[in-house]
Amino acid sequence: MRQINKVAVLGAGVMGATIAAHLANAGLDVLMLDIAPNKLTAKEEAAGLTLESPQVRNRIVANGREALKKLKPAPLYLPQYLQQIVIGNLSDDLAKLKTCDWVIEVVIEQMAIKKSLLTSLVPYLAEGAILSTNTSGLSINELAEVLPPEVQKNFLVTHFFNPPRYMRLLEIVPCAQTDPQVVAGLADFINHRLGKGVVYAKDTTNFIANRIGVYAIFKGLEHMLDMGLTVEEVDSVAGPATARPRTAAFRTADLVGIDTLVHVANNSYEYLPNDEEREVFKIPPFVQQMVEKGLLGNKSKAGLYKKEKIDGKRQVFYYDFNSGEYKAAEKPKFASVQAVKQIDDPAKKVAMMVAAGDKGSEFAWRSLRDTLIYALNRIPEIADDLVNIDNAMKWGFNWEIGPFEMFDAIGVKNFVARADKDGITVPEVLRTIDSFYRFNEAGAQEYFDLESNSYQPIEQTAGTINLQILKRAQGVVEKNSSCSLHDLGDGVFGLEFHSKMNSISGDILAMTQKAVKRAEAEGVGLVVGNQGTNFSVGANLMLMAVALAEGAYDDINMMIKQFQKATMSLKLSRVPVVVAPFGMTLGGGCEYALHASAINASAETYMGLVEIGVGLLPAGGGTKEMCLRAVEQAAHTGIDVTPFIFKYFQQIGMAKVAMGAAELYDMGYMRQADSITMNPERLIADAKQKVLGMAPNFRPRRAAENIPAPGRSIAASIKSQLWNMQAGGFVTAYEMEVGGLIADVICGGNVPAGTPISEDYLLQLEREGFLKLCGNKKTVERIQHMLKTGKPLRN
């Protein structure tokens, strides 16, 4: 892998600054430069500064860096990473580029300005340094014309998607002279260190994702107008119901900015005269009027949607294109959309939606039909193969499956038959194949290559493990309806959850203990991980609700015991167990991670003990584990245990969730020996390598005994604070009761400080506290509310 240690970012606007932030997230040294201002502010004049004063010359870039502290969502994993971004200006500091391995130009999207800047950089570039532009659609070959040959071979497009921390897609576009080894080396680095999904695009207007994504939005507008639908009705269909993000079509437009969308569409219309669908990119009059009125989306607080507070409550409005006024959102409920809400498989959702037969279904069919045909017609214009297009839409627009995976979900023959019925011309290749993807006899996945007219293997990136392909190739060791046990190779087993939202049920608890025993008997270790949307949202609340409704408290006690046995089996395993969390890792999912020998987390892991949201305490060993960690930290630091207990109590009591894996160290949920993986595709493989690294010298743990209890005096201090908060109206009597029970458990029960207690005793306290809360009607209300709305009940 190419070694890149220092990167320069030229441009400190929102995009440049957030790219710099993500480079800092990856541990790189960053130099960020922008222009020196040509005019003093009133404040600078009053301070007696001049245009030559250093703080004036760096004002623009300093403001760009400072703005990173306030941006939402946060562009930095941790605030202190800002220190890795050194600033300067393009007039005084170009010589510093000599120390940079990679220089990224991120200035305004105008050809002349970019060419002028690129020309000025040439004398200051280190030999062999990579130079890239972050253009979203300008021609790389035209930009390359101003560069000498020795720079052209290291010059390419690296198009980050906004916001860079959260959007996985990075489009690479080489110029005609770019050295293929430079492309390969940089792509590998970006994949490993920045965690990006790289796709290879052609030098065409708007590249891949924006070309197809903007087409889909504007085609959706066309069908909306034809069918007499509202903005809100379209988005109810164009989101999760058709395997696309919750922002759907028009919330995405508001997020991106209506003016930005118009700019991209105008570029497509102007620079793509031979596009068979060119007219789709013409801006509808009502959209042009919105731009003229300043209704630009989220940035102007009004676009296709807006939010207002009415009588103290937030009200959402959508833009009515007929009247030019806003109307109150009505939450349309097409039967087709309601039917697919219980379906997790994105391919099944798409197939069901287009076949349902109501008006929502008809819009889904028409919009997908045209978008899929458009995507197919873009090969080889914008990309050499369909895999790059599918990945671009999944990583850049957050589609759950790409256009060609949607073809397969609908069924190619079904698609052709229905399009023919509509009188729509389809590409001839659709009449010759059954699917765009398939698995061969060896279980390897292949895609249909349009150039060779044959199926070709999909190259699996080195250092990754795809559980679905693994399952196809060799089956599973053992499985049930909620989870599977895989052989990951080299003696390492893998426990995968695949229940709805990866919630933890009895099947998973039972398989966990089986997986540990098999790894102990036949292998060297175990990875607990999966490749869904989230690692786990916690325990299966539906099972809990049923048991509560029946008053089956013995069954609930048994469930909690089983949960504790499962998590303790991870902790006490005789071989290393590495848990690989990512996305939402809540409640029971967090407890699984806390009991592992080690954690290998995805950078975007949102972990927390959130049981209080339904009026319960963490009883899968989570409260116990935080008591042990508080005692351990007190022993290591020589500090009294009280501040550690208070900290962990607050995290549990406030249901605090880390907004990224880097925060988990300070929260005490990850330890220094735990690790973070930037690229989620590498997560399982990295966890496996961690197991192999630990296995030769692994020392199994034993259940803790003779733990000095924090004691009832600390619990009393916590309860005193809760009483004061209740008196001040900040918490209810019920919340004080829940908090008091958590305090009792995390402090080791009603015993004096220092009393020797055991891990098993703490688990018993968890069960007792949990069962006591289950008997409270308000807890039952909270569980029912969570199941109904997906949100905690607020008093």
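Predicted model: local features only at pLDDT ≥ 70, side-chain atom pairs only at ≥ 80, totals over all residues.
This note walks through some local features of the structure above, point by point.

1. **Salt bridges overall.** How many salt bridges does the count come to? The count comes to 47 salt bridges.

2. **R211 and D275.** R211 forms a salt bridge with D275, and their closest N and O atoms are 2.9 Å apart. The pair links distant parts of the chain, 64 residues apart. R211 sits in helix α9 (residues 209–227). D275 sits in the loop between α12 (258–271) and α13. Are these two residues buried or exposed? Both R211 and D275 are buried.

3. **E520 and R574.** E520 forms a salt bridge with R574, with the closest N and O atoms 3.8 Å apart. E520 lies in helix α21 (residues 506–522), while R574 lies in the loop between α23 (553–571) and β19 (577–579). These places are 54 residues apart in sequence, so the pair ties the two parts together. E520 counts as partly exposed, at 21% relative accessibility. R574 is exposed, with a relative accessible area of 57%. The cut-off for exposed is over 50%.

4. **K719 and D744.** Here the side chains of K719 and D744 meet in a salt bridge, at 2.8 Å from N to O. Which elements does the pair tie together? K719 lies in helix α29 (residues 712–727) and D744 in helix α30 (residues 733–746). The parts are 25 residues apart in sequence. K719 is partly exposed, with a relative accessible area of 34%. D744 is also partly exposed, at 26%.

5. **A network.** Some salt bridges are joined up. K571, K624, E625, R629, E632, R671 and E759 are linked in a network of salt bridges. Find these residues in the sequence, then look for them in the 3D view.

6. Which residues of helix α13 (residues 285–292) are buried? They are F286, V287 and M290. These three cover an arc of only 100 degrees around the axis, so they lie on the same side of α13. On the other side of α13, P285 and E292 are exposed.

7. **A positive surface patch.** R246, K307, R314, K331, K333, K341 and K791 form a positive surface patch. Take K333 as one of its members. K333 is placed in the loop between β11 (325–328) and α14 (335–340). K333 has a relative accessible area of 66%, so K333 counts as exposed. A residue needs over 30% relative accessible area to be part of a patch.

8. **A nonpolar surface patch.** M542, V546 and L787 make a nonpolar surface patch of about 250 Å². V546 is placed in helix α22 (residues 541–549). Is V546 buried or partly exposed? V546 is partly exposed, with a relative accessible area of 40%.

9. **Two cis peptide bonds.** The peptide bond from N162 to P163 is cis, with omega near 0 degrees. P163 is found in the loop between β6 (155–160) and β7 (169–174). The peptide bond from I379 to P380 is cis too, with omega near 10 degrees. Where does P380 lie? P380 is in the loop between α16 (359–377) and α17 (386–396).

10. **A248, a positive phi.** A248 is a residue other than glycine, yet its phi is positive, near 50 degrees. A248 is found in the loop between α10 (231–237) and α11 (250–256). At a relative accessible area of 9%, A248 is buried. The cut-off for buried is under 20%.

11. **N706, another positive phi.** N706 is not a glycine either, but has a positive phi of about 50 degrees. N706 is placed in the loop between α28 (683–694) and β24 (707–708). Is N706 buried or exposed? N706 counts as exposed, at 63% relative accessibility.

Methods: Residues numbered from 1 in each chain as written. Heavy atoms only, no water. Patch = residues over 30% accessible without salt bridge, like charges linked within 9 Å, V, L, I, M, F, W, Y side chains within 5 Å. Areas by Shrake-Rupley, 256 points an atom, 1.4 Å probe, with all protein chains shown as cover. Salt bridge = Lys/Arg side-chain N within 4 Å of Asp/Glu carboxyl O. Lys, Arg positive; Asp, Glu negative; His and termini not counted. Charge placed at Lys NZ, Arg CZ, Asp CG, Glu CD. Helix = DSSP H or I, 4+ residues; strand = E, 2+ residues; numbered from the N terminus. Buried < 20%, exposed > 50% of the residue type's maximum accessible area, 1.4 Å probe, protein only. Arc of directions from axis to C-beta.
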